Amino acid sequence: MSDPLLMIPGPVVLSPAVLAATAIAPPSHVSPAFIERFGSALGRMRAVWGADASCRPMVLAGSGTLAMEQAIANLVDPGDAVVVVNTGYFSDRIAEIASRRGGRVRSVRAELGASVGADTLRAELAAGPAPAVVCLTHVDTSTGARVDVASLAAVAKEAGALVVVDGVCATGGERAHMSAWGVDVALTASQKAIGLPVGLALSVVSPAAWAARERLRMPPSLYLDWTVWQPIFEAYEAGRPSYFATPATTLIPALDVALGELLDADDGPSRGMEAVFTRHERVGAAMRAGWAALGLDLLPEAGAEANTLSAIRLPEGVGPDLPARIGKRGVIVAGGLHPSIRHTYFRVGHMGWVTTQPELLLRTVEAVGAGLTDAGHAVDVGFAAIAVEAALDG
Ligand SMILES: *Cc1c(COP(=O)(O)O)cnc(C)c1O
């Protein structure tokens with residue numbers, strides 16, 4: 001049997017070019033070829049993030065959680081007020097990280113599956129001490145809900161706060177323009193919409209966030225310190241070798257390839273990141289059309305649905321073994337993640353290279369339909385496939 005198709009919200013299926021780029025003998029971190037790829041990748045991060053030339057890209061070996069730790073460690077002093085716009089499991093995580101750093105954390109909590117509006121955040125900011133940092137989760141992977149980063153960041157700026165966006169599960173898929181939106185740290189992990197294996201914690205830091213780090217009273221732990229890494233990345237961008245701690249020399253050349261593929265995207269009328277964003281929007285809508293045609297309801301409320309994944313309620317009479325049944329049909333999907341509702345829904349990732357492959361998207365919807373039928377909940381798979389195809393073409 002062919003390999004099952006991995007359609008979870010990260011790790012994701014790699015493009016053939018990225019997969020080939022990871023299959024190399026590990027290079028030295030000071031070889032000329034590696035230096036060139038690393039320098040190129042750092043510049044391309046700014047372009048993918050929509051970050052000005054004055055922003056500083058950071059690439060650490062680690063998962064997305066390390067990028068979250070790094071942002072907080074460089075911006076929050078013990079006693080600082082931090083506001084977390086909480087849309088689920090990963091917002092809880094950054095709140096925990098900030099409170100371990102000694103931050104006084106307040107959460108603006110959405111109903112599960114809902115977003116938080118600008119007015120709600122404005123009222124919360126007015127109600128308590130002015131925060132140093134406001135944290136947003138662009139897409140909370142536990143609920144499939146997306147927040148409007150541009151409007152929430154604007155409200156945070158009005159209040160004089162720095163804005164940290166957890167873009168794991170969004171960056172490289174969901175529409176985002178770091179500098180134009182006034183975001184100060186935009187972070188992600190390599191294995192989500194960027195389309196690499198797990199192993200890189202990626203972030204881009206604004207000049208205002210950098211200035212806040214320079215004012216910080218309690219330095220971050222050494223490995224997380226932006227000021228330790230910055231000269232290293234600057235050297236690589238200038239084509240010079242440099243060393244503080246060994247970078248992930250196998251993943252970084254592949255990062256350059258993955259970012260290059262995003263920036264070279266061409267969907268006819270639009271190019272580059274605009275093409276990537278509209279493609280994810282089209283694919284998100286098409287997958288939702290497929291779920292609707294199967295009679296399924298989504299967890300996120302209308303208008304707040306992410307385009308990078310779907311969080312889907314289990315229909316009446318279908319148990320949490322549905323992902324296992326779908327797996328038997330050759331497609332791996334994920335179970336629920338948010339602890340309070342884990343057994344009531346499942347999740348399907350649709351970000352990165354698979355968004356360029358209509359037949360893989362169709363295979364996914366068909367496998368979900370077959371899994372439902374196997375679970376005794378008969379659905380019309382052909383009808384769903386037609387709905388997906390129509391939406392992809394439309
Ligand atoms: C996956 C994810 C994380 C955590 O990333 P890891 O690489 O698993 O550490 C954080 N935030 C969001 C929104 C995610 O989807």
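**A guided conversation**

Guide: The protein chain has an accessible surface of about 14700 Å², and 55% of that surface belongs to carbon and sulfur atoms. Accessible areas come from the Shrake-Rupley method with a 1.4 Å probe, and for residues only the protein chains shown count as cover. This is a predicted model, in which local features need pLDDT of at least 70 and side-chain atom pairs count only at pLDDT 80 or more, while totals for chains, interfaces and linings use all residues. Residues are numbered from 1 along each chain as its sequence is written, and side-chain values use heavy atoms, with hydrogens and water left out.

Visitor: How many helices and strands does the protein chain have?
Guide: There are 13 helices and 14 strands in the protein chain. Both are DSSP runs numbered from the N terminus, helices being H or I with at least four residues and strands being E with at least two.

Visitor: What radius of gyration does the protein chain have?
Guide: The protein chain has 21 Å, which agrees with the value near 21 Å that a compact globule of 394 residues would have. The radius is taken over C-alpha atoms, and the globule rule is 2.2 Å times the number of residues to the power 0.38. Along its principal axes, the C-alpha trace spans about 60 × 55 × 35 Å.

Visitor: What percentage of the residues count as buried?
Guide: Of the 394 residues, 57% count as buried. Buried means under 20% relative accessible area, exposed means over 50%, and partly exposed lies in between (1.4 Å probe, protein chains only).

Visitor: What about contacts along the chain?
Guide: Among contacts with a separation of 6 or more, 70% are between residues 24 or more positions apart. A contact means heavy atoms within 4.5 Å.

Visitor: Let us turn to empty space. How is that found?
Guide: Rolling a probe the size of a water molecule over the atoms shows where empty space is left. On a 1 Å grid over the protein atoms alone, a cavity is a set of points where a 1.4 Å probe fits but cannot get out, and a pocket is an open set with protein on both sides within 12 Å along at least five of seven lines; lining residues have an atom within 4 Å of a point. Grid points are joined across faces, edges and corners, and a volume is the space filled by probe spheres set on the points.

Visitor: What is the volume of the largest pocket, and which residues are closest to its centre?
Guide: The largest pocket holds about 270 Å³ of space. Its lining has 20 residues, and Pro9, Phe90, Val168, Gln191 and Lys192 are the closest to the centre. Helix H3 (64–75) and helix H4 (89–100) are the elements that give two or more residues to this lining, and H3 gives the most, with 3 residues.

Visitor: And the classes of residue in that lining?
Guide: The lining of the largest pocket has 9 nonpolar, 7 polar and 4 charged residues. Here Ala, Val, Leu, Ile, Met, Phe, Trp, Tyr, Cys and Pro count as nonpolar, Asp, Glu, Lys and Arg as charged, and the others, Gly among them, as polar.

Visitor: How many cavities of 30 Å³ or more are there?
Guide: The count is 2 cavities of 30 Å³ or more. The largest cavity has a volume of about 140 Å³, and of its 16 lining residues Trp49, His138, Thr171, Ala176 and Ala186 are the closest to its centre. That lining divides into 10 nonpolar, 5 polar and 1 charged. The second largest cavity has a volume of about 30 Å³, and helix H8 (residues 226–237) gives the largest share of its lining, 4 residues.

Visitor: Is Cys169 buried or exposed?
Guide: Cys169 counts as buried, at 0% relative accessibility. Cys169 lies in the loop between strand E8 (162–166) and strand E9 (185–189), and has a positive phi of about 85° although it is not a glycine. Most residues other than glycine have a negative phi, and most peptide bonds are trans.

Visitor: Where is the cis bond, then?
Guide: The peptide bond from Gly10 to Pro11 is cis, with omega near -5°. Pro11 is in the loop between strand E1 (5–6) and helix H1 (16–22).

Visitor: What is Gly167 in contact with, beyond its neighbours within four places in sequence?
Guide: Gly167 is in contact with His138, Leu187 and Thr188. Gly167 also lies in the loop between E8 and E9 and is buried, with a relative accessible area of 3%.
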